[in-house]
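Here are a few notes to read alongside the model. Have it open while you go through them.

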Protein chains: 2
Amino acid sequence: MGNYDVKQEVTDKYSLRGRVFHKLRDDILSGKYEEHEELKEVAIGEELGVSRTPVREAFRQLELEGLIQIIPNKGAYVTGITEKDVKDIYMIRSLLEGLCARWATEHITLEQMDEMEENVYLAEFHARKGHLEQLAELDNRFHDILYEACDSKMLEHQLKDFHQYVLRVRKKTLSNANRGPKSNEEHKGIMEAIKAKDADLAEKLAHQHMINAYSNMVENGLHEAYENR
Amino acid sequence: MGNYDVKQEVTDKYSLRGRVFHKLRDDILSGKYEEHEELKEVAIGEELGVSRTPVREAFRQLELEGLIQIIPNKGAYVTGITEKDVKDIYMIRSLLEGLCARWATEHITLEQMDEMEENVYLAEFHARKGHLEQLAELDNRFHDILYEACDSKMLEHQLKDFHQYVLRVRKKTLSNANRGPKSNEEHKGIMEAIKAKDADLAEKLAHQHMINAYSNMVENGLHEAYENR
DNA sequence: GATTATACTAGTGTATCCAAACAAAGGGGA
DNA sequence: TCCCCTTTGTTTGGATACACTAGTATAATC
(Lines give C-alpha, C1' and ligand atoms only; values in the text may rest on other atoms or scores of the structure.)
Protein backbone atom coordinates (compact mmCIF):
# COMPACT_ATOMS: atom_id res chain seq x y z
CA MET A 1 0.00 0.00 0.00
CA GLY A 2 2.95 2.23 0.59
CA ASN A 3 2.31 5.90 0.10
CA TYR A 4 -1.27 5.19 -0.79
CA ASP A 5 -2.29 5.53 2.82
CA VAL A 6 -0.58 8.87 3.03
CA LYS A 7 -2.44 10.12 0.01
CA GLN A 8 -5.63 8.72 1.41
CA GLU A 9 -5.13 10.74 4.54
CA VAL A 10 -4.59 13.83 2.48
CA THR A 11 -7.81 13.13 0.62
CA ASP A 12 -9.76 12.64 3.77
CA LYS A 13 -8.41 15.74 5.34
CA TYR A 14 -8.99 18.12 2.52
CA SER A 15 -11.89 16.71 0.59
CA LEU A 16 -15.47 16.88 1.64
CA ARG A 17 -16.03 13.32 0.58
CA GLY A 18 -13.32 12.09 2.91
CA ARG A 19 -14.65 14.06 5.80
CA VAL A 20 -18.20 12.91 5.25
CA PHE A 21 -17.02 9.34 4.90
CA HIS A 22 -15.15 9.38 8.17
CA LYS A 23 -17.86 11.22 10.00
CA LEU A 24 -20.49 8.75 8.94
CA ARG A 25 -18.29 5.78 9.64
CA ASP A 26 -17.52 6.97 13.12
CA ASP A 27 -21.16 7.68 13.74
CA ILE A 28 -22.18 4.25 12.61
CA LEU A 29 -19.45 2.51 14.53
CA SER A 30 -20.11 4.49 17.64
CA GLY A 31 -23.76 3.62 17.46
CA LYS A 32 -25.21 7.04 16.72
CA TYR A 33 -27.39 5.49 14.10
CA GLU A 34 -29.60 2.54 14.92
CA GLU A 35 -29.29 -0.66 12.96
CA HIS A 36 -31.47 -0.60 9.86
CA GLU A 37 -31.92 3.13 10.25
CA GLU A 38 -32.41 4.90 6.97
CA LEU A 39 -29.78 7.41 5.93
CA LYS A 40 -31.07 10.08 3.60
CA GLU A 41 -28.67 11.86 1.34
CA VAL A 42 -30.19 15.30 1.67
CA ALA A 43 -30.60 15.04 5.42
CA ILE A 44 -26.98 14.05 5.94
CA GLY A 45 -25.92 16.70 3.49
CA GLU A 46 -27.76 19.45 5.27
CA GLU A 47 -26.52 18.25 8.62
CA LEU A 48 -22.94 18.49 7.47
CA GLY A 49 -23.48 21.52 5.30
CA VAL A 50 -22.53 19.90 2.02
CA SER A 51 -24.38 18.95 -1.13
CA ARG A 52 -25.48 15.47 -2.06
CA THR A 53 -22.43 14.70 -4.18
CA PRO A 54 -19.88 14.09 -1.44
CA VAL A 55 -22.50 12.32 0.62
CA ARG A 56 -23.30 9.97 -2.20
CA GLU A 57 -19.67 9.13 -2.78
CA ALA A 58 -19.21 8.50 0.90
CA PHE A 59 -22.23 6.20 0.79
CA ARG A 60 -20.66 4.10 -1.95
CA GLN A 61 -17.57 3.66 0.12
CA LEU A 62 -19.51 2.80 3.22
CA GLU A 63 -21.45 0.26 1.22
CA LEU A 64 -18.29 -1.49 0.13
CA GLU A 65 -17.05 -1.47 3.69
CA GLY A 66 -20.25 -3.25 4.54
CA LEU A 67 -21.44 -0.60 6.95
CA ILE A 68 -24.53 0.36 5.02
CA GLN A 69 -26.71 -1.32 2.48
CA ILE A 70 -27.99 0.66 -0.46
CA ILE A 71 -31.25 -0.37 -2.05
CA PRO A 72 -31.68 1.20 -5.47
CA ASN A 73 -34.19 4.03 -5.64
CA LYS A 74 -35.01 3.35 -2.06
CA GLY A 75 -32.39 4.37 0.41
CA ALA A 76 -29.36 3.52 2.45
CA TYR A 77 -29.69 1.50 5.61
CA VAL A 78 -27.06 0.78 8.20
CA THR A 79 -26.37 -2.92 8.21
CA GLY A 80 -26.55 -4.92 11.32
CA ILE A 81 -23.70 -7.09 12.38
CA THR A 82 -24.86 -10.31 13.95
CA GLU A 83 -23.16 -12.12 16.77
CA LYS A 84 -22.29 -14.89 14.36
CA ASP A 85 -20.62 -12.38 12.06
CA VAL A 86 -18.48 -11.19 14.92
CA LYS A 87 -17.57 -14.72 15.84
CA ASP A 88 -16.69 -15.60 12.26
CA ILE A 89 -14.55 -12.51 11.91
CA TYR A 90 -12.62 -13.34 15.03
CA MET A 91 -12.01 -16.86 13.86
CA ILE A 92 -10.79 -15.60 10.50
CA ARG A 93 -8.72 -12.92 12.14
CA SER A 94 -7.14 -15.38 14.52
CA LEU A 95 -5.72 -17.24 11.55
CA LEU A 96 -4.64 -14.14 9.71
CA GLU A 97 -3.10 -12.45 12.72
CA GLY A 98 -1.09 -15.58 13.21
CA LEU A 99 0.14 -15.45 9.66
CA CYS A 100 0.80 -11.77 10.06
CA ALA A 101 2.93 -12.35 13.13
CA ARG A 102 4.87 -15.00 11.29
CA TRP A 103 5.59 -12.71 8.38
CA ALA A 104 6.34 -9.82 10.68
CA THR A 105 8.97 -11.94 12.35
CA GLU A 106 10.63 -12.35 9.00
CA HIS A 107 10.27 -8.82 7.73
CA ILE A 108 10.05 -6.38 10.60
CA THR A 109 12.39 -3.39 10.42
CA LEU A 110 14.40 -2.05 13.30
CA GLU A 111 12.23 1.03 13.53
CA GLN A 112 9.07 -1.01 13.68
CA MET A 113 10.59 -3.27 16.31
CA ASP A 114 11.47 -0.22 18.38
CA GLU A 115 8.01 1.22 18.08
CA MET A 116 6.47 -2.09 19.05
CA GLU A 117 8.63 -2.34 22.14
CA GLU A 118 7.83 1.20 23.08
CA ASN A 119 4.16 0.49 22.60
CA VAL A 120 4.24 -2.48 24.93
CA TYR A 121 6.12 -0.72 27.68
CA LEU A 122 4.01 2.38 27.42
CA ALA A 123 0.90 0.25 27.64
CA GLU A 124 2.31 -1.48 30.69
CA PHE A 125 2.63 1.91 32.31
CA HIS A 126 -0.88 2.99 31.47
CA ALA A 127 -2.21 -0.36 32.58
CA ARG A 128 -0.73 0.12 36.01
CA LYS A 129 -2.18 3.60 36.18
CA GLY A 130 -5.55 2.39 35.02
CA HIS A 131 -5.69 4.67 31.98
CA LEU A 132 -8.17 2.66 29.97
CA GLU A 133 -8.59 5.16 27.18
CA GLN A 134 -4.88 5.26 26.35
CA LEU A 135 -4.73 1.50 26.67
CA ALA A 136 -7.35 1.05 23.98
CA GLU A 137 -5.50 3.48 21.77
CA LEU A 138 -2.21 1.65 22.21
CA ASP A 139 -3.88 -1.67 21.60
CA ASN A 140 -5.08 -0.45 18.22
CA ARG A 141 -1.69 0.91 17.45
CA PHE A 142 0.03 -2.34 18.36
CA HIS A 143 -1.97 -4.22 15.81
CA ASP A 144 -1.38 -1.56 13.19
CA ILE A 145 2.34 -1.86 13.72
CA LEU A 146 2.08 -5.60 13.38
CA TYR A 147 0.09 -5.26 10.17
CA GLU A 148 2.63 -2.92 8.68
CA ALA A 149 5.53 -5.06 9.76
CA CYS A 150 4.27 -8.14 7.93
CA ASP A 151 5.24 -6.39 4.71
CA SER A 152 2.25 -7.63 2.77
CA LYS A 153 -0.14 -5.00 1.56
CA MET A 154 -2.71 -7.71 0.87
CA LEU A 155 -2.70 -9.08 4.39
CA GLU A 156 -2.43 -5.63 5.89
CA HIS A 157 -5.44 -4.46 3.96
CA GLN A 158 -7.52 -7.46 5.00
CA LEU A 159 -6.68 -7.20 8.64
CA LYS A 160 -7.32 -3.49 8.77
CA ASP A 161 -10.69 -4.06 7.18
CA PHE A 162 -11.66 -6.62 9.75
CA HIS A 163 -10.29 -4.52 12.51
CA GLN A 164 -12.50 -1.64 11.44
CA TYR A 165 -15.46 -3.87 11.12
CA VAL A 166 -15.51 -5.14 14.65
CA LEU A 167 -14.51 -1.85 16.17
CA ARG A 168 -17.99 -1.07 17.35
CA VAL A 169 -18.23 -4.10 19.55
CA ARG A 170 -14.59 -3.98 20.41
CA LYS A 171 -14.52 -0.51 21.88
CA LYS A 172 -16.77 -1.48 24.73
CA THR A 173 -15.08 -4.72 25.65
CA LEU A 174 -11.53 -3.50 25.67
CA SER A 175 -12.20 -0.68 28.04
CA ASN A 176 -13.27 -3.48 30.31
CA ALA A 177 -10.72 -3.18 33.09
CA ASN A 178 -9.76 -6.85 33.14
CA ARG A 179 -8.95 -7.41 29.52
CA GLY A 180 -6.76 -4.39 28.89
CA PRO A 181 -3.75 -5.44 30.96
CA LYS A 182 -4.19 -9.09 30.01
CA SER A 183 -4.23 -8.15 26.37
CA ASN A 184 -1.04 -6.19 26.79
CA GLU A 185 0.67 -9.13 28.45
CA GLU A 186 -0.11 -11.11 25.33
CA HIS A 187 1.22 -8.33 23.14
CA LYS A 188 4.40 -8.49 25.09
CA GLY A 189 4.70 -12.21 24.43
CA ILE A 190 4.15 -11.69 20.72
CA MET A 191 6.64 -8.86 20.65
CA GLU A 192 9.30 -10.95 22.37
CA ALA A 193 8.74 -13.90 20.08
CA ILE A 194 9.19 -11.63 17.08
CA LYS A 195 12.29 -10.10 18.62
CA ALA A 196 13.69 -13.58 19.19
CA LYS A 197 12.90 -14.40 15.55
CA ASP A 198 10.75 -17.31 16.65
CA ALA A 199 8.13 -17.26 13.92
CA ASP A 200 6.34 -20.38 15.08
CA LEU A 201 5.86 -19.00 18.55
CA ALA A 202 4.83 -15.58 17.30
CA GLU A 203 2.21 -17.14 15.07
CA LYS A 204 0.87 -19.31 17.84
CA LEU A 205 0.70 -16.45 20.32
CA ALA A 206 -0.96 -14.02 17.93
CA HIS A 207 -3.47 -16.72 17.03
CA GLN A 208 -4.23 -17.38 20.66
CA HIS A 209 -4.38 -13.67 21.38
CA MET A 210 -7.33 -13.27 19.05
CA ILE A 211 -9.10 -16.29 20.46
CA ASN A 212 -8.66 -14.94 23.95
CA ALA A 213 -9.93 -11.56 22.91
CA TYR A 214 -13.03 -13.18 21.49
CA SER A 215 -13.59 -15.43 24.49
CA ASN A 216 -13.35 -12.48 26.77
CA MET A 217 -15.78 -10.57 24.65
CA VAL A 218 -18.32 -13.36 24.75
CA GLU A 219 -17.98 -13.88 28.48
CA ASN A 220 -18.62 -10.32 29.46
CA GLY A 221 -19.74 -7.85 26.98
CA LEU A 222 -20.96 -9.03 23.63
CA HIS A 223 -24.58 -9.36 24.62
CA GLU A 224 -24.38 -6.16 26.52
CA ALA A 225 -22.84 -4.33 23.64
CA TYR A 226 -25.80 -5.36 21.61
CA GLU A 227 -28.44 -4.52 24.10
CA ASN A 228 -27.07 -1.06 24.61
CA ARG A 229 -27.98 -0.05 21.10
CA MET B 1 -23.06 -8.48 5.10
CA GLY B 2 -26.10 -10.72 4.97
CA ASN B 3 -28.38 -10.42 1.99
CA TYR B 4 -26.31 -7.46 0.92
CA ASP B 5 -24.83 -9.54 -1.87
CA VAL B 6 -28.20 -10.22 -3.36
CA LYS B 7 -29.19 -6.58 -3.30
CA GLN B 8 -25.86 -5.65 -4.74
CA GLU B 9 -26.65 -7.73 -7.78
CA VAL B 10 -29.89 -5.89 -8.22
CA THR B 11 -28.08 -2.58 -8.03
CA ASP B 12 -25.50 -3.62 -10.53
CA LYS B 13 -28.04 -4.85 -12.98
CA TYR B 14 -30.19 -1.80 -13.06
CA SER B 15 -27.96 1.11 -12.21
CA LEU B 16 -25.38 2.66 -14.45
CA ARG B 17 -22.99 2.92 -11.56
CA GLY B 18 -23.12 -0.82 -10.99
CA ARG B 19 -22.57 -1.57 -14.63
CA VAL B 20 -19.68 0.83 -14.89
CA PHE B 21 -18.16 -0.60 -11.74
CA HIS B 22 -18.30 -4.16 -13.00
CA LYS B 23 -17.16 -3.24 -16.47
CA LEU B 24 -14.11 -1.45 -15.16
CA ARG B 25 -13.40 -4.20 -12.68
CA ASP B 26 -13.50 -6.85 -15.35
CA ASP B 27 -11.39 -4.75 -17.65
CA ILE B 28 -8.76 -4.19 -15.02
CA LEU B 29 -8.70 -7.83 -13.98
CA SER B 30 -8.60 -9.06 -17.54
CA GLY B 31 -5.68 -6.80 -18.27
CA LYS B 32 -7.32 -4.41 -20.68
CA TYR B 33 -5.72 -1.52 -18.85
CA GLU B 34 -2.01 -1.46 -18.25
CA GLU B 35 -0.68 -1.17 -14.75
CA HIS B 36 -0.39 2.42 -13.63
CA GLU B 37 -2.46 3.53 -16.57
CA GLU B 38 -4.42 6.67 -15.86
CA LEU B 39 -8.18 6.36 -15.99
CA LYS B 40 -9.96 9.57 -16.93
CA GLU B 41 -13.51 10.09 -15.87
CA VAL B 42 -14.71 11.72 -19.05
CA ALA B 43 -12.94 9.25 -21.30
CA ILE B 44 -14.45 6.26 -19.51
CA GLY B 45 -17.79 8.01 -19.45
CA GLU B 46 -17.80 8.62 -23.18
CA GLU B 47 -16.63 5.12 -23.88
CA LEU B 48 -19.53 3.69 -21.93
CA GLY B 49 -21.98 6.35 -22.96
CA VAL B 50 -22.64 7.73 -19.51
CA SER B 51 -21.87 10.95 -17.74
CA ARG B 52 -19.12 11.48 -15.20
CA THR B 53 -21.31 10.89 -12.17
CA PRO B 54 -21.67 7.10 -12.35
CA VAL B 55 -18.04 6.82 -13.37
CA ARG B 56 -16.93 8.79 -10.37
CA GLU B 57 -18.94 6.66 -8.01
CA ALA B 58 -17.58 3.53 -9.59
CA PHE B 59 -14.07 4.92 -9.11
CA ARG B 60 -14.65 5.30 -5.39
CA GLN B 61 -15.70 1.68 -5.17
CA LEU B 62 -12.76 0.47 -7.21
CA GLU B 63 -10.47 2.42 -4.96
CA LEU B 64 -11.79 0.69 -1.89
CA GLU B 65 -11.40 -2.67 -3.61
CA GLY B 66 -7.81 -1.75 -4.14
CA LEU B 67 -7.98 -1.96 -7.92
CA ILE B 68 -7.22 1.67 -8.56
CA GLN B 69 -5.51 4.40 -6.66
CA ILE B 70 -6.97 7.88 -6.64
CA ILE B 71 -4.68 10.81 -6.12
CA PRO B 72 -6.67 13.88 -5.13
CA ASN B 73 -7.11 16.46 -7.84
CA LYS B 74 -4.84 14.39 -9.99
CA GLY B 75 -6.28 11.22 -11.35
CA ALA B 76 -7.02 7.54 -10.96
CA TYR B 77 -4.40 4.94 -11.70
CA VAL B 78 -4.83 1.19 -11.88
CA THR B 79 -2.82 -0.51 -9.22
CA GLY B 80 -0.72 -3.39 -10.30
CA ILE B 81 -0.83 -6.84 -8.82
CA THR B 82 2.67 -8.07 -8.22
CA GLU B 83 3.91 -11.61 -8.04
CA LYS B 84 4.29 -11.13 -4.33
CA ASP B 85 0.65 -10.10 -4.08
CA VAL B 86 -0.36 -13.30 -5.80
CA LYS B 87 1.80 -15.33 -3.49
CA ASP B 88 0.41 -13.58 -0.42
CA ILE B 89 -3.13 -14.12 -1.57
CA TYR B 90 -2.52 -17.81 -2.04
CA MET B 91 -1.01 -18.10 1.42
CA ILE B 92 -3.97 -16.28 2.92
CA ARG B 93 -6.40 -18.31 0.90
CA SER B 94 -4.76 -21.55 1.93
CA LEU B 95 -5.60 -20.75 5.53
CA LEU B 96 -9.10 -19.56 4.81
CA GLU B 97 -9.95 -22.44 2.49
CA GLY B 98 -8.88 -24.75 5.27
CA LEU B 99 -11.18 -23.00 7.70
CA CYS B 100 -13.90 -23.03 5.09
CA ALA B 101 -13.57 -26.77 4.62
CA ARG B 102 -13.75 -27.26 8.36
CA TRP B 103 -16.91 -25.23 8.68
CA ALA B 104 -18.37 -26.85 5.60
CA THR B 105 -17.88 -30.22 7.23
CA GLU B 106 -20.00 -29.05 10.09
CA HIS B 107 -22.68 -27.22 8.13
CA ILE B 108 -23.01 -28.68 4.68
CA THR B 109 -26.53 -29.57 3.59
CA LEU B 110 -27.49 -32.75 1.81
CA GLU B 111 -28.15 -30.86 -1.41
CA GLN B 112 -24.76 -29.22 -1.31
CA MET B 113 -23.10 -32.54 -0.58
CA ASP B 114 -24.83 -34.05 -3.58
CA GLU B 115 -23.80 -31.21 -5.84
CA MET B 116 -20.24 -31.50 -4.66
CA GLU B 117 -20.12 -35.21 -5.36
CA GLU B 118 -21.63 -34.68 -8.76
CA ASN B 119 -19.08 -31.98 -9.45
CA VAL B 120 -16.17 -34.25 -8.63
CA TYR B 121 -17.39 -37.16 -10.68
CA LEU B 122 -18.27 -34.99 -13.62
CA ALA B 123 -14.84 -33.43 -13.48
CA GLU B 124 -13.29 -36.88 -13.38
CA PHE B 125 -15.09 -37.64 -16.60
CA HIS B 126 -13.98 -34.46 -18.33
CA ALA B 127 -10.46 -34.96 -17.09
CA ARG B 128 -10.30 -38.34 -18.80
CA LYS B 129 -11.67 -36.84 -21.97
CA GLY B 130 -9.25 -33.93 -21.82
CA HIS B 131 -11.92 -31.24 -21.76
CA LEU B 132 -9.88 -28.52 -20.17
CA GLU B 133 -12.45 -25.79 -20.54
CA GLN B 134 -15.14 -27.66 -18.64
CA LEU B 135 -12.58 -28.69 -16.07
CA ALA B 136 -11.76 -25.10 -15.27
CA GLU B 137 -15.45 -24.32 -15.03
CA LEU B 138 -16.06 -27.21 -12.64
CA ASP B 139 -13.06 -26.23 -10.58
CA ASN B 140 -14.52 -22.79 -10.01
CA ARG B 141 -17.86 -24.28 -9.18
CA PHE B 142 -16.36 -26.69 -6.67
CA HIS B 143 -14.91 -23.85 -4.69
CA ASP B 144 -18.14 -21.90 -4.87
CA ILE B 145 -20.01 -24.85 -3.44
CA LEU B 146 -17.47 -25.11 -0.67
CA TYR B 147 -17.80 -21.41 0.09
CA GLU B 148 -21.54 -21.62 0.30
CA ALA B 149 -21.45 -24.76 2.40
CA CYS B 150 -19.36 -23.17 5.13
CA ASP B 151 -22.42 -21.18 6.12
CA SER B 152 -20.56 -18.00 6.89
CA LYS B 153 -21.37 -14.91 4.87
CA MET B 154 -18.16 -13.32 6.06
CA LEU B 155 -15.85 -16.09 5.02
CA GLU B 156 -17.73 -16.71 1.81
CA HIS B 157 -17.44 -13.08 0.86
CA GLN B 158 -13.73 -12.97 1.58
CA LEU B 159 -12.93 -16.07 -0.36
CA LYS B 160 -14.98 -15.04 -3.34
CA ASP B 161 -13.16 -11.72 -3.39
CA PHE B 162 -9.78 -13.39 -3.41
CA HIS B 163 -10.93 -15.87 -5.98
CA GLN B 164 -11.91 -13.00 -8.24
CA TYR B 165 -8.70 -11.22 -7.58
CA VAL B 166 -6.39 -13.95 -8.77
CA LEU B 167 -8.58 -15.07 -11.60
CA ARG B 168 -6.44 -13.49 -14.25
CA VAL B 169 -3.40 -15.54 -13.39
CA ARG B 170 -5.41 -18.57 -12.48
CA LYS B 171 -7.10 -19.10 -15.79
CA LYS B 172 -3.90 -19.81 -17.58
CA THR B 173 -2.42 -22.21 -15.11
CA LEU B 174 -5.43 -24.37 -14.60
CA SER B 175 -5.92 -25.09 -18.25
CA ASN B 176 -2.44 -26.48 -18.00
CA ALA B 177 -3.07 -30.14 -18.79
CA ASN B 178 -1.19 -31.47 -15.79
CA ARG B 179 -2.80 -29.53 -13.02
CA GLY B 180 -6.44 -30.01 -13.96
CA PRO B 181 -6.76 -33.72 -13.17
CA LYS B 182 -4.42 -33.43 -10.20
CA SER B 183 -6.54 -30.64 -8.81
CA ASN B 184 -9.65 -32.70 -9.17
CA GLU B 185 -8.06 -35.60 -7.31
CA GLU B 186 -7.54 -33.22 -4.45
CA HIS B 187 -11.11 -32.02 -4.66
CA LYS B 188 -12.18 -35.61 -4.35
CA GLY B 189 -10.14 -36.00 -1.20
CA ILE B 190 -11.67 -32.90 0.33
CA MET B 191 -15.13 -34.00 -0.65
CA GLU B 192 -14.68 -37.43 0.93
CA ALA B 193 -13.29 -35.95 4.11
CA ILE B 194 -16.32 -33.70 4.39
CA LYS B 195 -18.63 -36.59 3.68
CA ALA B 196 -16.92 -38.62 6.40
CA LYS B 197 -17.36 -35.63 8.74
CA ASP B 198 -13.63 -35.53 9.32
CA ALA B 199 -13.16 -31.78 9.78
CA ASP B 200 -9.47 -32.00 10.62
CA LEU B 201 -8.70 -33.90 7.47
CA ALA B 202 -10.87 -31.65 5.33
CA GLU B 203 -9.12 -28.58 6.65
CA LYS B 204 -5.70 -30.05 6.07
CA LEU B 205 -6.50 -31.19 2.55
CA ALA B 206 -8.08 -27.90 1.52
CA HIS B 207 -5.11 -26.06 2.93
CA GLN B 208 -2.68 -28.26 1.03
CA HIS B 209 -4.79 -27.98 -2.09
CA MET B 210 -4.18 -24.24 -2.24
CA ILE B 211 -0.50 -24.62 -1.59
CA ASN B 212 -0.24 -27.15 -4.37
CA ALA B 213 -2.14 -24.90 -6.71
CA TYR B 214 0.26 -22.10 -5.99
CA SER B 215 3.36 -24.28 -6.31
CA ASN B 216 2.17 -25.49 -9.64
CA MET B 217 1.50 -21.96 -10.76
CA VAL B 218 4.98 -20.86 -9.82
CA GLU B 219 6.64 -23.80 -11.47
CA ASN B 220 5.04 -23.33 -14.82
CA GLY B 221 3.08 -20.31 -15.63
CA LEU B 222 3.24 -17.35 -13.33
CA HIS B 223 6.05 -15.62 -15.11
CA GLU B 224 4.49 -16.38 -18.42
CA ALA B 225 1.14 -15.01 -17.38
CA TYR B 226 2.87 -11.77 -16.54
CA GLU B 227 4.96 -11.51 -19.62
CA ASN B 228 1.95 -11.92 -21.82
CA ARG B 229 0.58 -8.61 -20.68
C1' DG C 1 -67.45 -2.47 1.26
C1' DA C 2 -63.69 -4.14 -1.33
C1' DT C 3 -60.66 -3.52 -5.06
C1' DT C 4 -58.18 -1.45 -8.50
C1' DA C 5 -56.45 2.46 -10.94
C1' DT C 6 -54.29 6.82 -10.61
C1' DA C 7 -52.02 10.75 -9.01
C1' DC C 8 -48.85 12.47 -5.72
C1' DT C 9 -44.71 12.47 -2.93
C1' DA C 10 -40.35 11.41 -1.18
C1' DG C 11 -36.21 9.76 -2.45
C1' DT C 12 -32.48 8.27 -5.29
C1' DG C 13 -30.22 8.12 -10.22
C1' DT C 14 -28.01 10.83 -13.77
C1' DA C 15 -26.46 14.84 -16.27
C1' DT C 16 -24.46 19.17 -16.40
C1' DC C 17 -22.48 23.31 -14.73
C1' DC C 18 -19.03 25.96 -12.29
C1' DA C 19 -14.95 26.19 -9.19
C1' DA C 20 -10.51 24.77 -7.61
C1' DA C 21 -6.12 22.42 -8.22
C1' DC C 22 -2.23 21.15 -10.70
C1' DA C 23 1.05 20.94 -14.55
C1' DA C 24 3.19 22.47 -18.35
C1' DA C 25 4.28 25.97 -21.51
C1' DG C 26 5.41 30.59 -22.63
C1' DG C 27 7.10 35.27 -21.75
C1' DG C 28 9.79 38.83 -19.46
C1' DG C 29 13.59 40.40 -16.63
C1' DA C 30 18.25 39.94 -14.47
C1' DT D 1 21.14 31.74 -20.63
C1' DC D 2 18.67 30.90 -16.65
C1' DC D 3 15.05 31.65 -13.40
C1' DC D 4 10.64 33.12 -11.93
C1' DC D 5 6.15 34.52 -12.78
C1' DT D 6 1.98 34.24 -15.30
C1' DT D 7 -1.10 32.08 -18.14
C1' DT D 8 -3.63 28.43 -20.05
C1' DG D 9 -5.34 23.82 -20.58
C1' DT D 10 -6.70 19.64 -18.43
C1' DT D 11 -8.77 17.06 -14.83
C1' DT D 12 -10.98 16.37 -10.67
C1' DG D 13 -14.14 18.27 -6.71
C1' DG D 14 -18.65 19.95 -5.53
C1' DA D 15 -23.34 21.92 -6.41
C1' DT D 16 -27.50 21.88 -8.66
C1' DA D 17 -31.16 20.79 -11.91
C1' DC D 18 -33.84 17.37 -13.89
C1' DA D 19 -35.46 12.38 -14.57
C1' DC D 20 -36.98 8.29 -12.91
C1' DT D 21 -38.72 4.89 -9.50
C1' DA D 22 -41.31 2.98 -5.78
C1' DG D 23 -44.37 3.43 -2.37
C1' DT D 24 -48.68 5.43 -0.67
C1' DA D 25 -52.88 7.57 -0.29
C1' DT D 26 -57.01 8.68 -2.52
C1' DA D 27 -60.79 8.25 -5.37
C1' DA D 28 -63.63 5.88 -8.58
C1' DT D 29 -65.78 1.70 -9.94
C1' DC D 30 -67.71 -2.78 -9.37
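1. Let's start with what surrounds DNA strand C. By class, that surface has seven nonpolar, six polar and five charged residues (nonpolar means Ala, Val, Leu, Ile, Met, Phe, Trp, Tyr, Cys and Pro; charged means Asp, Glu, Lys and Arg; the others, Gly among them, are polar). This is a predicted model, where local features need pLDDT of at least 70 and side-chain atom pairs count only at pLDDT 80 or more, while totals for chains, interfaces and linings use all residues. Residues are numbered from 1 along each chain as its sequence is written, with chains lettered from A and ligands numbered from 1 in the order in which they are written.

2. Around DNA strand C there are 18 residues, and the closest are A:Glu41, B:Leu16, B:Val50, B:Ser51 and B:Thr53 (near means a C-beta atom, placed from the backbone, within 6 Å). Two or more residues each come from α3 and β3 of chain A and from α2 and α4 of chain B. α4(B) gives the most, with three residues (helices are DSSP runs of H or I, at least four residues, and strands are runs of E, at least two, numbered from the N terminus).

3. Now the two chains. Chain A brings 31 residues to their contact and chain B brings 30 (contact means C-beta atoms, placed from the backbone, within 7 Å). On the chain A side, α5(A) gives the most, with eight residues. That side divides into 15 nonpolar, nine polar and seven charged residues.

4. Within chain B, have a look at α5(B) and α8(B). Among the residues that meet there are B:Ile89 and B:Leu96 in α5(B) and B:Leu159 and B:Phe162 in α8(B). Their contact has nine nonpolar, one polar and two charged residues.

Methods
Two residues are in contact if their C-beta atoms, placed from the backbone, lie within 7 Å.
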